[in-house]
Amino acid sequence: MKEIFSGVFRDGNRVYTANLNPGKSVYGEKLLDIVNPEKKHDMNSGFTDSSQGNNTRKNEVLSVQQESKILARIHNVSLENYKQADAKQTDAEGVMQLREWDPRRSKLGAAITNGLKELPVKPGSVVLYLGASTGTTISHVSDIVGKDGFVYGIEFAERVLRNLLDLANRRKNIASMLGDARKTEQYRWVEECDVVFCDIADPQETEIAIRNCEFLKKGGYLMIAIKSQSIDVTKKPKDVYEQEKNKLEKAGFRIIQMIDLEPHEEKHAMIVAKK
Ligand SMILES: C[S@@+](CC[C@H](N)C(=O)[O-])C[C@H]1O[C@@H](n2cnc3c(N)ncnc32)[C@H](O)[C@@H]1O
């Protein structure tokens, strides 16, 4: 297990964030408790914090079936790896809980899994997130920005907003809003942001994202998840990505990286740009 960005961990192909709301998964993702190997830890103590089901002890790993999720308390992390994790949210016993980030459910998760070089979302960041949906990706963004950061989630479909509102009730660093990303005047009161993240599958997505950069501080970052089929079905995905990248450059943005999200998200790419 290695910390690849502040608050983001990687073990082989699996990516995790430190759970801001221990014991709770958001979309059925796996939860892992990392235990400080320096602390003499009774493997059964504190266990009810994150689980209530039947548990079985197996060598160094204790796992519990709770509803449809597997919770595993791992005791065999190396001390060096634990130290990287130790600065994050740990409980009184020195346990830090990680949430697995499913790259097939989240374009940001797919970008990180595929080797994103720079992650502009950091602990303490303020993020404007357009197309928040039920909150899958926003929940991981909320983990990363932590207690000192904040995420404004804009979503125009009432049907999915209910889940987002529940998430925002459980996590104090998320504000969820029913709003249309094409109409920034609806949420003019949003504070200046470090990152604007856009995932709205609209033919005008790049133009909408650029307009929302009125909330972005100078030197801030814009991240756009491009679905080529929503922009132009007649063009090859690579040509669509190039076309959208050019629009950003023309608007004065510097492209940091463009990353293909296949095989996790078909015909999708993510562009990271700096204002
Ligand atoms: C692909 S989903 C986003 C998934 C989400 N980003 C995640 O990873 O958890 C796109 C969402 O954008 C919303 N959307 C599309 N156009 C929008 C707009 N103009 N304003 C606000 N939300 C919009 C849709 O209702 C949908 O929920």
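Which residue takes a positive phi just after α3? That residue is Gly 146, with a phi of about 65°. Welcome to a predicted model, where local features need pLDDT of at least 70, side-chain atom pairs count only at pLDDT 80 or more, and totals for chains, interfaces and linings use all residues. Residues are numbered from 1 along each chain as its sequence is written. Helices (H or I, at least four residues) and strands (E, at least two) are DSSP runs, numbered from the N terminus.

- Of the 19 residues around the ligand, Gly 131, Ser 133, Thr 136, Thr 137 and Ala 181 come nearest.
- In α3, 10 of the 10 residues are buried (20 or more other C-beta atoms within 10 Å of their own, with C-beta atoms placed from the backbone), so the helix is largely enclosed by the rest of the structure.
- Thr 136 and Thr 137 are among those buried residues.

**The open sheet**
- Seven strands run in the order β11-β10-β9-β12-β13-β15-β14, with mixed pairing (two strands pair if DSSP finds at least two bridges between them).
- Because β11 (174-178) and β14 (254-260) stand at the edges with a single partner strand each, one side of each is left without a neighbour in the sheet.
- Strands β12 (residues 193-198) and β13 (residues 216-227) pair in the parallel sense over five bridges, and Cys 198 has Ile 224 in β13 as its bridge partner.

**Strand β3**
- Ala 18 lies in β3 (residues 14-18) and is buried, with 25 other C-beta atoms within 10 Å.
- The C-alpha atoms of Ala 18 and Arg 99 are separated by 6.3 Å, although these residues are 81 residues apart along the chain.

Methods
A residue is near a molecule or strand if its C-beta atom, placed from the backbone, lies within 6 Å of it. A residue is buried if 20 or more other C-beta atoms lie within 10 Å of its own, exposed if 12 or fewer, and partly exposed in between; C-beta atoms are placed from the backbone.
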